[in-house]
Amino acid sequence: MGRRMKFEEELIIVFVVLMNLMIGAANGLITVESSPKLLNRSGDNVTLTLTWTANSSASSSDMDWLGIYNPPDSADEHFIGYILLSSFCPNWMKEEGSCYLDLPLINLRRPYEFRVFRWDKSEISNRTPVDEDQNPLPSTRHLLAKSETVSFRNLNDPAQLHLAFTSNQDEMRAMFLTKDAIKSYVRYGLDEKELDSVAEARSVTYTRSEMCDAPANTSLGWRDPGYIHAAVMRGLEQGKRYFYQVGSDEGGWSSIQSFVSSDKDSDETVAFLFGDMGVSVPYRTFLWTQEESKLTVKWLKRDLEELGDKATFISHIGDISYARGYAWLWDAFFTQIEPLASKVPYHVCIGNHEYDWPLQPWKPEWAAKVYGTDGGGECGVPYSLKFQMPGNSSFPTGNAAPSTKNLYYSFDLGVVHFLYMSTETNFLEGSDQYAFIEQDLKKVDRNKTPFVVFQGHRPMYTTNYELKDAPIREKMMEHLEPLLVKYGVNVVLWGHVHKYERFCPLKNLSCGSMDSEADLPVHVVIGMAGQDWQPKWEPRPDHLTDPIFPQPVQSLYRSSEFGYTRLHATREALTLSYVGNHDGQVHDVLEIRLKGVKKAFSSAIWFLKAGSLFLVGILFGFIGGHQFYSKRERAQWVGLKSVDY
């Protein structure tokens, strides 16, 4: 009996070998070589060399593809991304040849593997799975080749470093990631060669069971997040450049970075603000990713370099990574922003794509169609743990997931008081958030911070994206606008709509009178940092087939061009400039002066030099001495794809 079983096993082995030889004869010999096998740092390139012989043009297809897998034991359909071979192998349809691809890899704390598949249009049917844009996802039926694994020399290498203010102005928080729960630290000092001060980091992680819905809690979307470390540097001198390094002797140390500490007595404030940026990845995946975000990061890097030794920060008001349940996109996002966020604090507020899921605990009847499934089942967990903002705001998820954090908070920087809200959790009168906003605005010392900037994700005012969010805008006008007006908030910034739009000073849909002494808030939508998956406009009930023309009187300037805003304030004036990504120049400027003197102009050019902001060029649409709303700019929408970048 034993000999018979052994003989049958040998026959099976022979059969498998013969089948592989037959497949090789049909498809030719295809190999995928990778070099190097070990990478040093997250973001380093691996070179993939694809070689094939006896590969007839009849059997090859322009839809054949390379799959990227992490971890390497992932099921064939659980790739993190794919690249069509024809996109980097111009000779793929020939019988034999070779080509190569340089591919940057992010340290996902596990090795990578690469697989080649054959895919033909004849395999596409109505039952073929599709991506977010309804494009068919590639078939994994015909595996042609696998690579050896590619990994990093140190999977615990401290990565995804980012800074944030705390509630104390003499502190700075540093956050980073490692694979394992290694006791980690930040060491820092005023001299790059003498990092004598040390702070121990607190560590946290989260599990697949704490995700609330698909795809975040499925084997397709889930990837182990590693351990998130947060350490606070304390006792910082004001307005000084500090050098710091994170990690440990056991797991390794990051390269030395630096930042400029906050100066509470400064008479100047500089900040960079935007929403809805997302991330760009060098492959296709299950979701639409944000190619334009790379240009936003590029111009922000320029501005930070030119700023010099001035304290500043970045404000990203919701829809952060657009991971939406596909965990590796969070890793890609933090890797993309690390050149910025390791040098200046990176502050956020929550958006629908970080949070919304079917069973979220606050969903009043009027919001049934407002809050949906936009968070991809993450229910705010990665957002709450990967960031740590000032204050201690939180809201229970109502299930096994930890409470959602980083909802509403405030801080001062120079002459500006910045206040953040959550549009995804209860903000109505009587809620904890409403009470916080009211008390915070009451306590602002306008002698210390003469300007107040309020920020949230979904806009109270917009001339785009009218229908779905109408109920929440009505509630915001009813409950929040009276507070903004009563306490003299100067500027209100929103994301969510992927456009730039500046309004006149507003109260209850009406522009303030030119002769009025009252200071009304100026609302500006700044959700144009990267995401473009949104129509330029939506039909209205009163003209279903027409675009939004003429431009409403409340809207002074609007554009679909990607970009960001930068804020510069002194004790005399606050200036908000809209920088366009296609040229890195300023295309609209809002200036608010104290004592009710307000101005605005567009098509100006602003730049940073030696740490100061200067205005050059011609200023259009501005007549000296007039108030902000004395002239309405009738600029038209700029097409999303009208410029080749």
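Author: We shall discuss disulfides, then aromatic rings, and then one asparagine. Please keep in mind that this is a predicted model.

Reader: What is a disulfide, and how many disulfides does the count come to?

Author: A disulfide is a covalent bond between the sulfur atoms of two cysteines. In this structure the count comes to 3 disulfides. If the bonded cysteines are counted along the chain, the pattern is 1-2, 3-4, 5-6.

Reader: Where in the chain are Cys89 and Cys99?

Author: Cys89 and Cys99 form a disulfide with their sulfur atoms 1.5 Å apart. Cys89 lies in the loop between β5 (81-84) and β6 (97-104), whereas Cys99 belongs to strand β6, and the two are 10 residues apart. Cys89 and Cys99 are both buried.

Reader: How many residues apart are Cys212 and Cys379?

Author: The sulfur atoms of Cys212 and Cys379 are 2.1 Å apart in their disulfide. This pair links distant parts of the chain, 167 residues apart: Cys212 is in the loop between β14 (202-204) and β15 (227-233), and Cys379 is in the loop between α4 (352-355) and α5 (381-386). Both of these cysteines, Cys212 and Cys379, are buried.

Reader: Is the link of Cys212 and Cys379 right-handed or left-handed?

Author: One reads this from the torsion about the S-S bond. For Cys212 and Cys379 the value is 75°, and the link is right-handed. A disulfide also joins Cys504 to Cys511, with an S to S distance of 2.0 Å. There the torsion is about -90°, so the disulfide of Cys504 and Cys511 is left-handed.

Reader: Let us turn to the rings. How many aromatic pairs does the structure hold?

Author: The structure holds 39 aromatic pairs. One of them is formed by Tyr112 and Phe114, whose rings are stacked, 6.4 Å centre to centre with 10° between the planes. Tyr112 counts as buried because its relative accessibility is 3%. Phe114 likewise counts as buried, with a relative accessibility of 0%.

Reader: Which residues do ring pairs link into a cluster?

Author: Ring pairs link Trp65, Tyr69, Phe79, Tyr82, Phe117, Phe286, Tyr326 and Trp328 into a cluster. Tyr69 also has a charge over its ring: the charged end of Arg115 sits there, 3.8 Å from the ring centre. In another case, the charged end of Lys298 sits over the ring of Trp299, 4.5 Å from its centre.

Reader: How should I describe one residue such as Asn581?

Author: One may begin with its place in the chain, then consider its accessibility and its surroundings. Asn581 is in the loop between β33 (573-580) and β34 (586-593). Its relative accessible area is 1%, so Asn581 is buried.

Reader: Which residue's side chain does a polar contact join to that of Asn581?

Author: The side chain of Thr296 is joined to that of Asn581 by a polar contact of 2.9 Å. Leaving aside neighbours within four places in sequence, Asn581 is in contact with residues including Glu292, Leu295, Trp299, Glu561 and Tyr564.

Key: Residues numbered from 1 in each chain as written. Predicted model: local features only at pLDDT ≥ 70, side-chain atom pairs only at ≥ 80, totals over all residues. Heavy atoms only, no water. Phe/Tyr/Trp six-rings, centres within 6.5 Å; stacked < 30°, edge-to-face > 60°. Buried < 20%, exposed > 50% of the residue type's maximum accessible area, 1.4 Å probe, protein only. Lys NZ or Arg CZ within 6 Å of the ring centre and 35° of its normal. Disulfide = S-S within 2.5 Å. Helix = DSSP H or I, 4+ residues; strand = E, 2+ residues; numbered from the N terminus. Polar contact = N/O pair within 3.5 Å; in protein donor to acceptor, adjacent residues only side chain to side chain. Contact = heavy atoms within 4.5 Å.
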